[in-house]
Amino acid sequence: MIQFENPHAFFFLLALPALYIFRHLGIFSRISFPLTISNWGGKTFSYKNNFARIGEFFSQAFAILGFIALVTSLANPIIRHQEKIYTSRGTDILFVLDTSPSMAARDISLANEQVTRLEAAKIGIKTLTSAEKGACYGLVAMASEAACIVPPTNDIELFLKRLSALNVGEFGEGSAIGIGLSTAIYHLSGSNAPKKCIVLITDGENNAGSIHPETAASLAAENEITLYTFGIGTKGSVPIEYVDPKTGKIRSGFYESNFSTTSLEEIAQIAGGTYFGIESTSMLLDSLSQIAKKEDSSQSFHYRSNDTNCYANFLLISGFLFFLAWFIKRIFLSELI
């Protein structure tokens, strides 16, 4: 919302209609030096073509607009917006994101195109974290190994930066779901947040690691951590292409997707959560929205005003418009001003 700290400056705009009235009455007429070469009482100079008339019109228009911009800058315009500052902790949401090569399968619909499973997951997570500011978000990357990329934090900019940097294949080629969940539980167990939950996004079954997913789900339930599982992807033969992080070579072909959802449904049920089957970004966004509403917690907050001063912007605009008016007069119309 734009506001003016010195609105009285707009009284200077009255000079424009006043000048027009005075000139109409013959007062404050333009200073001119007639050098007409013609018979006595003959016609003075006038523009002979439409281009010159258009140039004169725009020159005057730019001069008037430049004056208005100058007065606006004197009024000291500022853009003021309110920022919600939370003074109490909200829900901790930790995403466990599968980065195995199968996540490069391009079978998730987004508008009129198909994106990879990992890209779709990133879009969904980014949309949720940008909309729900009160919660703390964390990120665990998982494949045959797992690592906590971002512990639960309210620094959304940092979270999204680390999320965007994730690539397929960085943590191996398997899916160690149990290890991924255990890593997330470790970083949530000591949290004093009123609510804690894990969102697992994967496209496969547990085929790596020494910890069984059901063991991890039971551990989550013991620590009062809710587990939501997302089985992302379609079944059948789907195109796949990614850059192998070890060799730098492009791997492409077709991937036979046929994982069972039974295990994901069971571990979600053990930890008091829900399983979601995802085949499009719209389904992913809707499911994440449901989780955000269910896991929402009441927080105390206050509003802080952030002001952006626009004085210099309008001053630059004014100078540019006055320059255009001068350029048309001096260069295009060849007038001596």
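In S9, leucine 227 is the bridge partner of isoleucine 198. Strands here are DSSP runs of E with at least two residues, helices are runs of H or I with at least four residues, and both are numbered from the N terminus. S8 and S9 run parallel and are joined by six bridges; two strands count as paired if DSSP finds at least two bridges between them. Between these two strands the chain passes through H6, and this β-α-β crossover from S8 to S9 is right-handed. Right-handed means that, with the strands pointing away from the viewer, the path from the first strand over the helix to the second runs clockwise.

The model is predicted: local features need pLDDT of at least 70, side-chain atom pairs count only at pLDDT 80 or more, and totals for chains, interfaces and linings use all residues. Residues are numbered from 1 along each chain as its sequence is written, and side-chain values use heavy atoms, with hydrogens and water left out.

S8 also pairs with strand S3 (residues 92–98), in the parallel sense and over six bridges. Aspartate 92 has lysine 196 as its bridge partner in S8, and isoleucine 93 has cysteine 197. How many of the residues of strand S8 (residues 196–202) are buried? Seven of the seven are, so the strand is largely enclosed by the rest of the structure. Buried means under 20% relative accessible area, exposed means over 50%, and partly exposed lies in between (1.4 Å probe, protein chains only). Lys196, Ile198, Leu200 and Thr202 point one way from S8, while Cys197, Val199 and Ile201 point the other way, and all are buried.

These strands belong to an open sheet of six strands with mixed pairing, in the order S7-S6-S3-S8-S9-S12. At its edges are strand S7 (146–153) and strand S12 (275–278), each of which pairs on one side only. From one strand to the next the twist averages 15 degrees. Helix H8 (residues 281–294) packs on the sheet, where it touches S3, S8, S9 and S12, and its direction makes about 160 degrees with that of S12. Helix H4 (residues 156–165) lies across S3, strand S6 (136–142) and S7, and runs at about 15 degrees to S6. Axes are lines fitted to C-alpha atoms, for helices over the stretch in contact, and angles run from 0 to 180 degrees between N-to-C directions. Contact means heavy atoms within 4.5 Å.

Two serines in loops come next. Serine 191 sits in the loop between helix H5 (177–188) and S8, and is buried, with a relative accessible area of 17%. Its side chain makes a polar contact with the side chain of aspartate 92 (2.5 Å). A polar contact is a pair of N or O atoms within 3.5 Å; within protein, one must be able to donate a hydrogen and the other to accept it, and residues adjacent in sequence count only if both atoms are side-chain atoms. Not counting residues up to four places away in sequence, serine 191 touches Arg89, Asp92 and Lys196.

Serine 102 lies in the loop between S3 and strand S4 (106–110). Serine 102 is buried as well, at a relative accessible area of 11%. A polar contact of 2.8 Å links its side chain to that of aspartate 203. Leaving aside neighbours within four places in sequence, serine 102 is in contact with Arg117, Asp203, Ile240 and Tyr255. Serine 102 and arginine 117 are 15 residues apart in sequence and 8.2 Å apart in space, C-alpha to C-alpha.

Two further loop residues concern the backbone. Most residues other than glycine have a negative phi. Glutamate 224, in the loop between helix H6 (213–222) and strand S9 (226–232), has a positive phi of about 55 degrees. Glutamate 224 is exposed, with a relative accessible area of 68%. Asparagine 76, in the loop between helix H2 (50–74) and strand S2 (77–86), also has a positive phi, near 55 degrees.

Finally, the whole chain. The protein chain contains nine helices and 13 strands, and buried residues make up 40% of its 337 residues. Among its contacts between residues at least 6 apart in sequence, 78% join residues at least 24 apart.
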